[in-house]
Amino acid sequence: MISKSIVGLDIGSTRMRAVEIKHGKSGPTLVQFGQVDVPADAIQGGVVHDGAAVTAALRDLWATTRFRSRTVVLGVTNRQVVVREVTLVNMPDRELRASLPFQVREMLPLPPEQSVLDFHPLARVDDGRNVRGLLVAAPKDAVLTAVRTVERAGLHVERVDLASFALLRAASRLDDTVEAIVDIGAQATTVVVHVNGEPLIVRTVPRGGYEITELLAERLGADLSGAEALKRRVGLNDDETEPETAGMIREVIRPLVREVRGSFAYLSAREEHQEVARLVLSGGGSLLQGFDAALQSELDIPVVGADPFARVRIPRRHSGLRDLTSLPAATVSIGLGLRAGR
């Protein structure tokens, strides 16, 4: 097997993260990790609004991190992305994908010609005549804009992948437990529920860490930077010196917790009546002090932190990466880099 190095690129609303992974005989190996801030309002709701600013930030990221590869797998996180379980006529993979615009036309909010379509098969049904799986539909214009923005930085987009699937690839614990992976970003939270790597629910909630800061600032009558600093300092722990602030932060996270609980309720209401038994927490928003304990208390299930390096070998020169507090936010970019190995 020829070694191949590729970069998983996750462009968030406030920060972009990239992980270079080499695929060789010894399996996926981490080569380099880097991150850089995204200019304000350049990315909104997962959509590029200021391509020039994003391209400049990408050039800066590659210059400062010195990635060896300029080939990337680009993650897509867009509020308009549809992920829906469907049953389609079974046929060979190439023919099935070619037939998607005709089979799913009535299931989409946008016409197929305005969408980028993909299908993730789960199981054959009806004696093999049909196949059950997850239909993925993303607005074509938003995807093409993101690809062009990245390629203007002198990079080559080899593949576009749903960030939710990257999250599942990097953070899932493969056993018979119904597990939810919850990745909390600045403006969106991704919820993926699976069993042994097979997705059951894929959902993007338009709530994240930035909304928590906004609500806290509104209640305190403070500016956003002051509210963010207070949120980071106090968190959700039972702070004896600032109990009122801790209680206020606990209140403002409840809308997000309700959304997560609602996803689980949808799952348990389905015919299979499956219940989430474990939650894996990742993303920059997960770094809020005491968030894991608060979720465990509110949802009454065990909550553990994601291990973004579970499926990546770390060379000795990079061993200190495990100690970086920012790495839970790198889970998606690592999962994107792992996509090249499949």
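Which residue just after H9 takes a positive phi of about 60 degrees? Asp300 is that residue, and the legends below return to its helix after an overview of the chain.

This is a predicted model, in which local features need pLDDT of at least 70 and side-chain atom pairs count only at pLDDT 80 or more, while totals for chains, interfaces and linings use all residues. Residues are numbered from 1 along each chain as its sequence is written, and side-chain values use heavy atoms, with hydrogens and water left out.

**Figure 1. Overview of the chain, with its 10 helices and 15 strands.** Helices (H or I, at least four residues) and strands (E, at least two) are DSSP runs, numbered from the N terminus. The radius of gyration of the chain is 20 Å, which agrees with the value near 20 Å that a compact globule of 342 residues would have; this radius is taken over C-alpha atoms, and the globule rule is 2.2 Å times the number of residues to the power 0.38. Along its principal axes, the C-alpha trace spans about 65 × 50 × 40 Å. Of the 342 residues, 49% count as buried, where buried means under 20% relative accessible area, exposed over 50%, and partly exposed in between (1.4 Å probe, protein chains only). Among contacts with a separation of 6 or more, 61% are between residues 24 or more positions apart, a contact being heavy atoms within 4.5 Å.

**Figure 2. Helix H9 and the elements that cover its buried residues.** Helix H9 covers residues 291–299, and its buried residues are Phe291, Ala294, Leu295 and Leu299. Seen down the helix axis, these buried residues fall within an arc of 110 degrees, so they line one face of H9; the arc is that of the directions from the helix axis to the C-beta atoms. The cover over them includes strand S11 (178–184), helix H7 (243–252), helix H8 (254–269), strand S14 (278–282) and strand S15 (303–305).

**Figure 3. Phe264 in helix H8.** Phe264 is buried, with a relative accessible area of 11%. Not counting residues up to four places away in sequence, Phe264 touches Ala180, Val191, Val193, Val276, Leu279, Leu299 and Ile301, and one of these, Leu299, is also among the buried residues of H9. Between Phe264 and Leu216, which are 48 residues apart in sequence, the C-alpha to C-alpha distance is 26 Å.

**Figure 4. Helix H4, residues 163–171, within its surroundings.** Nine of the nine residues of H4 are buried, so this helix is largely enclosed by the rest of the structure. The buried residues of H4 are Ala163, Ser164, Phe165, Ala166, Leu167, Leu168, Arg169, Ala170 and Ala171.

**Figure 5. Thr149 in helix H3, residues 140–151.** With a relative accessibility of 2%, Thr149 counts as buried. Leaving aside residues up to four places away in sequence, Thr149 touches Val48, Gly51, Val54, Thr55 and Leu58.

**Figure 6. Ala227 in helix H6, residues 224–234.** Ala227 counts as buried, its relative accessibility being 0%. When residues up to four places away in sequence are not counted, Ala227 touches Thr213, Leu216 and Ala217. The C-alpha atoms of Ala227 and Ala217 are separated by 5.1 Å, although the two residues are 10 residues apart along the chain.

Figure 7. Most residues other than glycine have a negative phi. At 70% relative accessibility, Arg66 counts as exposed, and its C-alpha atom is separated by 35 Å from that of Pro199, 133 residues apart along the chain. Asn196 is partly exposed, with a relative accessible area of 43%.
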